[in-house]
Amino acid sequence: NMSNVHVGDKGIATAGDEGTATAGDEGIAVAGHYGTATAGDEGTATAGDEGTATVGDKGTAVAGHDGTATAGEGGTIIIRYYEANRWRVKVGYIGESGLKPDTPYKLDNAGEFVKA
């Protein structure tokens, strides 16, 4: 199930498990488990469990369990984790709480953001 999808500006890219999705500025990129999703400025990148989500400035990067999220200036990172018999998400805002732009983050065992 290897997939690669690339879309230009303002596009939407979706890839299956183990896939790679890349969208241009203001795009949305979604990749399945173990996938890599990259979106341009103000875009949204969503990757499955153990995947990598990367967005530009003011974008939102969402990664699944054991995933990595990276966002530019003014961006938001969200990583999913399991605790107390339910799925939860940890949200971080670039520029707050020591989170730096263009830096990949993951969650540690305490559920806190650490550099990946």
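This report describes the strands, side-chain contacts and surface of one predicted protein model.

## Basis of the model

Because the structure is predicted, local features are described only where pLDDT is at least 70, and side-chain atom pairs count only at pLDDT 80 or more, whereas totals for chains, interfaces and linings use all residues. Residues are numbered from 1 along each chain as its sequence is written, and side-chain values use heavy atoms, with hydrogens and water left out.

## Overall build

The protein has 13 strands and 0 helices, where strands (E, at least two residues) and helices (H or I, at least four residues) are DSSP runs numbered from the N terminus. Of its 116 residues, 41% count as buried; buried means under 20% relative accessible area, exposed means over 50%, and partly exposed lies in between, with a 1.4 Å probe and protein chains only.

Strand β10 (residues 76-83) pairs with strand β8 (residues 60-63) in the parallel sense over 4 bridges, and two strands are said to pair if DSSP finds at least two bridges between them. Within β10, Ile77 stands opposite Ala61.

Strand β10 is also joined to β11 by 8 bridges, and these two strands run antiparallel. The hairpin of β10 and β11 has 2 residues between the strands, and Ala84 takes a positive phi near 50° there. Tyr82 has Trp87, in β11, as its bridge partner.

## Aromatic contacts

The model holds 2 aromatic pairs, counted when rings of Phe, Tyr and Trp (its six-membered ring) have their centres within 6.5 Å, with planes under 30 degrees apart called stacked, over 60 edge-to-face and the rest tilted. The rings of Tyr82 and Trp87 form an edge-to-face pair, because their centres are 5.0 Å apart and their planes stand at 70°. Tyr82 is partly exposed at 43% relative accessible area, and Trp87 is likewise partly exposed at 38%. The rings of Tyr105 and Phe113 also form an edge-to-face pair, with centres 6.4 Å apart and planes at 75°. Here Tyr105 is buried at 3% relative accessibility, and Phe113 is buried at 16%.

Trp87 has a further contact, since Arg80 lies over the face of its ring at 3.9 Å from the ring centre; a charge sits over a ring if NZ of Lys or CZ of Arg is within 6 Å of the ring centre and within 35 degrees of the ring normal.

## Salt bridges

Side chains of opposite charge can pair when their charged atoms come close. The model has 2 salt bridges, each defined as a side-chain nitrogen of Lys or Arg within 4 Å of a carboxyl oxygen of Asp or Glu. One of them joins Arg88 and Glu83 (3.5 Å, N to O); Arg88 is partly exposed at 30% relative accessibility, and Glu83 is partly exposed at 40%.

Another joins Glu112 and Lys90 (3.3 Å, N to O). This pair links distant parts of the chain, 22 residues apart, with Lys90 in strand β11 and Glu112 in the loop between β12 (105-107) and β13 (113-115). Glu112 is partly exposed at 41% relative accessibility.

## A nonpolar surface patch

Val89, Val91 and Tyr93 make a nonpolar surface patch of about 260 Å². Patches are made of residues with over 30% relative accessible area and no salt bridge, with like charges joined within 9 Å and nonpolar side chains (Val, Leu, Ile, Met, Phe, Trp, Tyr) within 5 Å; the areas come from the Shrake-Rupley method with a 1.4 Å probe, and for residues only the protein chains shown count as cover. Val91 lies in strand β11 (residues 86-93) and is partly exposed, with a relative accessible area of 35%.
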